[in-house]
Amino acid sequence: TQPLNQRQQWFLERVVRGIRSTASDIELHWGVSPKTARRDIAALRSAGLIHFTGARRNGRYRAS
């Protein structure tokens, strides 16, 4: 597995602390494109560190 980059670590810490977080949060905080933010989250999901629960519109990421 790849080591986490700073954006991924930041996002994972927020999720672990129970802060509702989205790709938009990564975009705004780090100034990256939506595609980059979604890739960061996808990498965390495929590594098994987070998962999404609930409906697409009002669900949230949780630590695995």
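Modeller: Contact means heavy atoms within 4.5 Å. This is a predicted model: local features need pLDDT of at least 70, side-chain atom pairs count only at pLDDT 80 or more, and totals for chains, interfaces and linings use all residues. Numbering runs from 1 along each chain as its sequence is written, and side-chain values use heavy atoms, leaving out hydrogens and water.

Colleague: Which residues of helix 2 and helix 3 meet?

Modeller: Ala 23, Ile 26 and Glu 27 in helix 2 touch Pro 34, Ala 37, Arg 38, Asp 40 and Ile 41 in helix 3. Helices are DSSP runs (H or I, at least four residues) and strands likewise (E, at least two), numbered from the N terminus. By class, that contact has 5 nonpolar, no polar and 3 charged residues. Asp, Glu, Lys and Arg count as charged; Ala, Val, Leu, Ile, Met, Phe, Trp, Tyr, Cys and Pro as nonpolar; the others, Gly among them, as polar.

Colleague: What angle do the axes of helix 2 and helix 3 make where they cross?

Modeller: Roughly 120°, with the axes coming within 8 Å. Helix 2 is therefore oblique to helix 3. Under 35 degrees would be roughly parallel, 65 to 115 roughly perpendicular, over 145 roughly antiparallel; the rest is oblique.

Colleague: Where does the lining of the largest pocket come from?

Modeller: That pocket has a volume of about 370 Å³. Of its 15 lining residues, Ala 23, Arg 38, Ile 41, Phe 52 and Tyr 61 are closest to its centre. Helix 2 (23-30), helix 3 (34-46) and strand 2 (60-63) each give two or more residues. Helix 3 gives the most, 4.

Colleague: What makes it a pocket or a cavity?

Modeller: On a 1 Å grid over the protein atoms alone, a cavity holds points where a 1.4 Å probe fits but cannot get out; a pocket is an open set with protein on both sides within 12 Å along at least five of seven lines, and lining residues have an atom within 4 Å of a point. Volume is the space filled by probe spheres set on points joined across faces, edges and corners.

Methods. Axes fitted to C-alpha atoms, helices over the stretch in contact; angles between N-to-C directions.
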